[in-house]
Amino acid sequence: MESLSNRKKVVSNKKMTFMEKLYFPAILGGMWITLKHLFKKHNTIKYPEVKREFAPVYRGQHVLKRDEEGRENCTACGLCAVACPAEAITMTSEERKKGEENLYREEKYASTYEINMLRCIFCGLCEEACPKEAIFLTDRIVPTYFERNDFIYGKDKLVEPVDQRVDISKRQLTGKRPA
């Protein structure tokens with residue numbers, strides 16, 4: 001009976017020659033490959049002393065931006081959470097109370113905003129879905145931890161400090177958003 005794929009292979013039981021039984025040519029071939037690689041340029045770098053330059057479209061750690069007056073841009077609309085294919089973003093919203101006008105731009109704000117970095121695939125869809133330009137992916141590397149709970153980023157890690165603004169000007173000019 002003939003096979004359906006027609007990928008039949010004829011196997012021969014050919015006897016090995018004396019040189020093939022010694023495996024000497026195979027050993028010399030392996031040593032030749034090793035010697036060729038010894039003199040090639042290495043692609044590795046000595047991180048963290050030497051840092052590699054990233055492309056301008058690199059997507060790293062998330063940041064929740066503030067406006068010029070130091071108020072949070074996020075209005076807890078939930079579009080970033082809906083756009084996230086990995087379902088890594090969760091948030092709860094609250095109404096702004098009297099006296100909190102200097103903290104939040106709109107009447108509604110995100111009381112809790114969490115990103116599970118173990119689930120995040122750094123696709124940037126949350127950044128594109130945000131109508132208020134509140135969330136951006138920066139060029140910073142996400143630090144590593146030993147515990148799973150350390151990878152759940154809350155507002156304490158995501159919101160940029162007032163005195164240390166995160167520069168996202170390169171991120172805004174990658175062609176996705178008008179300048």
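1. A residue is called buried when its relative accessible area is under 20%, exposed when that area is over 50%, and partly exposed in between (1.4 Å probe, protein chains only). By this rule Tyr 109 is buried, because its relative accessible area is 6%.

2. The model is predicted, so local features need pLDDT of at least 70 and side-chain atom pairs count only at pLDDT 80 or more, while totals for chains, interfaces and linings use all residues. Residues are numbered from 1 along each chain as its sequence is written, and side-chain values use heavy atoms, without hydrogens and water.

3. Tyr 109 lies in strand E3, residues 108-116; strands (E, at least two residues) and helices (H or I, at least four) are DSSP runs numbered from the N terminus. The C-alpha atoms of Tyr 109 and Glu 94 are 5.7 Å apart, although 15 residues separate them along the chain. Beyond neighbours within four places in sequence, Tyr 109 has contacts (heavy atoms within 4.5 Å) with residues including Cys 74, Glu 94, Lys 97 and Lys 155.

4. Lys 97 belongs to the loop between strand E2 (89-95) and E3. Its relative accessibility is 46%, so Lys 97 counts as partly exposed.

5. Leaving aside neighbours within four places in sequence, Lys 65 is in contact with residues including Arg 71, Phe 136 and Glu 160.
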